[in-house]
Structure formats: structure tokens, C-alpha cells
Amino acid sequence: MSAQPRPGAPSSPQAEGAPDARLLTEAVTRLRRALRASIRTDYPWETLPMAQVELLQVLGEHSPVRISDLAARQRLAPSTVSGLIGQMISSGLVTREVDPADRRASVVALTDAGSGQLAAWTAAHERRMDTALAALDDAERRAIGGAVPALFQLAEKLGESAEGDAPE
């Protein structure tokens, strides 16, 4: 079933052959919502707010890191990230240590519990996605597989356009 524009929906300018931006945004939003809802059905432990999960993901790739760098990477205010990190420290998911490169600053890193939570979260999502993909026909799976590199490129372009919008 293909998504069709709603009657009376505003149209947006688009490059020739590009998908409708509104429909793509709606599809991505629905996909994220469905994935999170399906995980909570099977894995009720997965109660971390998405903002904390995203911080765990960044820390899984870049750890230890300063809060200011983490905030810039996530395009969030440092005070927001600091608050989230405080909650994650209380939960035992991350630690805050003195930055060895600059003793006036601090860095945060994943704990073993944080690494374990991230690994479990990732594995659970991959299992749910594998199950959903298996329910699609071959042509749909090929279409999604072919779209993945372009979706990564789209994310890069969105990130580039937002660089000037980062909080100060």
C-alpha cells in the first residue's frame, strides 16, 4: 500500500523524482513510534527516554566525551544534556570523571551497565526489525534495502543544514 497525499494537504517544492517531504517525514515518524511501541510490548524494561538512548548511542561510539561536545553532537543545549547525564549517572548508566586533558573539565563515559543496556536495546530493536522485514515481500525488502544508503545521505544533509541552528 503506497502513501497518498491527503486531500487538501499543502504541497511542498521538491526536486524532480524526490519523495514528498511531508510523506517522508510522516513515514519516519510512524516508523520510530511503531518501533518504540513494539519494543515496549516485548521488553517492558525499555523505559529509557529516547533522548537518553540517543546519548547512550553516542557514548557507545565516542566515549569518554565532554558534555559540551555531546551537546553539540546532538544539537542540544548543554544544560539539557547535563540534566540527562545527571539522571543517567543516578541510574548507573554513565560516569562523570575529570578530563585527563584538562583537569578543569569533566568527561562522561558509559559504565558496564550502560554498555549492557545499550547492547540489549540495540539487539531488541534489531530482532523486532528483522521480524517486521521478514513479513514483507521480496520487492518491499529490496526497496527498503536500496533506500538505506540514501536515508543515511539524507540524514547527513539534514545535519549539515542544521549546523547553523545549533544551540549556543
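1. The protein chain exposes about 11200 Å², and carbon and sulfur atoms supply 57% of that area; accessible areas here come from the Shrake-Rupley method with a 1.4 Å probe, and for residues only the protein chains shown count as cover. Of the 168 residues, 23% count as buried, where buried means under 20% relative accessible area, exposed means over 50%, and partly exposed lies in between (1.4 Å probe, protein chains only).

2. Please keep in mind that this is a predicted model, in which local features need pLDDT of at least 70 and side-chain atom pairs count only at pLDDT 80 or more, while totals for chains, interfaces and linings use all residues. Residues are numbered from 1 along each chain as its sequence is written, and side-chain values use heavy atoms, with hydrogens and water left out.

3. The protein chain has six helices and three strands, and along the sequence they follow the pattern α-α-β-α-α-β-β-α-α; helices (H or I, at least four residues) and strands (E, at least two) are DSSP runs, numbered from the N terminus. Among contacts with a separation of 6 or more, 47% are between residues 24 or more positions apart, a contact being heavy atoms within 4.5 Å.

4. Helix H4 (residues 78-90) deserves a careful look. The buried residues of H4 are Val 81, Leu 84, Ile 85 and Met 88. Seen down the axis of H4, these buried residues fall within an arc of 100°, so they line one face of the helix, the arc being that of the directions from the helix axis to the C-beta atoms. An α-helix has 3.6 residues a turn, so residues three or four places apart point the same way. The buried residues of H4 pack against helix H2 (50-61), helix H3 (67-74), strand S2 (94-99) and strand S3 (102-110), whereas Ser 79 and Ser 90, on the other side of H4, are exposed.

5. Which residues are linked in a network of salt bridges? They are Arg 66, Asp 99, Asp 102 and Arg 104, in a structure that holds seven salt bridges, each defined as a side-chain nitrogen of Lys or Arg within 4 Å of a carboxyl oxygen of Asp or Glu. Asp 99 and Arg 66 meet at 2.8 Å, N to O. Asp 99 lies in strand S2 and Arg 66 in strand S1, so this pair ties together parts that are 33 residues apart in sequence. Arg 66 also meets Asp 102, at 3.4 Å, N to O. Since Asp 102 lies in strand S3, this second pair ties together parts that are 36 residues apart in sequence. Asp 102 in turn forms a salt bridge with Arg 104, the closest N and O atoms being 3.0 Å apart. Asp 99 is buried at 8% relative accessible area and Asp 102 is buried at 17%, whereas Arg 66 is partly exposed at 28% and Arg 104 is exposed at 79%.

6. A cis peptide bond, with omega of about 0°, joins Ser 63 and Pro 64, and Pro 64 lies in the loop between H2 and strand S1 (65-66). Arg 75, in the loop between H3 and H4, has a phi near 60°, a positive value in a residue other than glycine.
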